[in-house]
Amino acid sequence: GIDNKAFQQQLPLSREFLGLQADHFIIGSVGRFAPIKRYPLLLEAFALLYTKYSQARLLLIGGGPQEKMLRVQAQQLGITDAIRWIINKPAAPYYGLMDCFVLTSEREGISIALLEAMGCNVACVVTYATMQHPVLENMHTGIVVYPSNATLLYQNMLILITNNSIRKQLAKNAQQLVENDFNCHRMVNAY
């Protein structure tokens, strides 16, 4: 569980602080830069999105052994200027900047970063082996995409960019789910 109230009280950074503009659509991801998180898939999908929607920006928060390799891949894909790297800093102040959160892990239990994003009213896209994700219900509390398909991931991120009402409804439903089922006080009482 997460302390949703504490997260909502975090003062978000301004977009200007990161060189972002009001019309940028910010896609965020939080986690270790390690093979299991499959950031190369996210970069590939983002590159497809960026060619269609030049106002998209990618916010990568984390650190780890693949950072250098990911930076090289971003350069090869021509998306370096569209990425903001936040290395080894707490993620809390950055959720408020995100329009969308993406989790591309190969396998994951219940991701705390995902719950935090949901709790901060951010629409989420996750990759998962089946449509039965342990937290998200597809097209109700988020979008679930089959793994290892950059085109499918790109297409579902594009849904959130092009359909503001779907994005807002998914974010609202996700926040409600976290408040009802994954807040730390409820989890402690359940234990």
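**Chat on cores, helices and loops**

Biologist: Gln 73, buried or exposed?

Modeller: Gln 73 counts as buried, because its relative accessibility is 14% and the cut-off for buried is under 20%. Bear in mind that this is a predicted model.

Biologist: Where is Gln 73 found?

Modeller: Gln 73 sits in helix 3, which covers residues 67–77.

Biologist: And what does Gln 73 touch, not counting residues up to four places away in sequence?

Modeller: With those left out, Gln 73 touches Pro 40, Leu 43 and Glu 44.

Biologist: On to the largest nonpolar core. Which of its residues touch the most other members?

Modeller: Ile 27 and Leu 60 do, out of the 34 residues in that core.

Biologist: Which helix gives the most to this core?

Modeller: Helix 2, residues 39–52, gives the most, with eight residues.

Biologist: Back to Ile 27. What does Ile 27 touch?

Modeller: Setting aside residues up to four places away in sequence, Ile 27 touches Phe 46, Leu 49, Arg 57, Leu 58, Leu 59, Cys 100, Val 102 and Met 157.

Biologist: What about Tyr 154, where is its place?

Modeller: Tyr 154 is in helix 5, residues 150–162. At 11% relative accessibility, Tyr 154 counts as buried.

Biologist: Which residues does Tyr 154 touch?

Modeller: Ala 45, Leu 48, Leu 49 and Lys 52, again not counting residues up to four places away in sequence.

Biologist: How far apart in space are Tyr 154 and Ile 143?

Modeller: They are 12 Å apart, C-alpha to C-alpha, and 11 residues apart in sequence.

Biologist: Change of topic: helix 6. How many residues does helix 6 have, and how far does it reach?

Modeller: Helix 6 runs over residues 164–181, which is 18 residues. From first C-alpha to last, helix 6 reaches 26 Å, close to the 26 Å expected at 1.5 Å a residue.

Biologist: Which of the residues in helix 6 are buried?

Modeller: Arg 167, Leu 170, Ala 171, Asn 173, Ala 174, Gln 175, Leu 177 and Val 178 are buried.

Biologist: How do helix 4 and helix 6 cross?

Modeller: The axes of helix 4, residues 112–119, and helix 6 come within 7 Å and cross at roughly 115°. The crossing is left-handed.

Biologist: Which residues make the contact?

Modeller: From helix 4, Leu 115, Met 118 and Gly 119; from helix 6, Ala 171, Ala 174, Gln 175, Leu 177 and Val 178. By class, the contact of helix 4 with helix 6 has six nonpolar residues, two polar and no charged.

Biologist: Now the loops. What is the phi of Arg 38?

Modeller: Arg 38 has a positive phi of about 50°, although it is not a glycine. Arg 38 lies in the loop between strand 1 (25–32) and helix 2, and at 13% relative accessibility it counts as buried.

Biologist: And the phi of Asn 88, what is that?

Modeller: Asn 88 has a positive phi of about 55°, and Asn 88 is not a glycine. It is found in the loop between strand 3 (83–87) and strand 4 (100–103).

Biologist: Why does Asn 88 count as exposed?

Modeller: Because its relative accessibility is 64%, and exposed means over 50%.

Biologist: What is Asn 88 in contact with?

Modeller: Gly 62 and Gly 63, leaving aside neighbours within four places in sequence. The C-alpha atoms of Asn 88 and Gly 62 are separated by 5.3 Å, while the two residues are 26 residues apart along the chain.

Methods: Residues numbered from 1 in each chain as written. Predicted model: local features only at pLDDT ≥ 70, side-chain atom pairs only at ≥ 80, totals over all residues. Heavy atoms only, no water. Core = buried A, V, L, I, M, F, W, Y, C linked by side-chain atoms within 4.5 Å. Buried < 20%, exposed > 50% of the residue type's maximum accessible area, 1.4 Å probe, protein only. Helix = DSSP H or I, 4+ residues; strand = E, 2+ residues; numbered from the N terminus. Contact = heavy atoms within 4.5 Å. Expected span 1.5 Å × (residues − 1). Axes fitted to C-alpha atoms, helices over the stretch in contact; angles between N-to-C directions. Left-handed = near helix turned anticlockwise from the far one by under 90°. Nonpolar A, V, L, I, M, F, W, Y, C, P; charged D, E, K, R; others polar.
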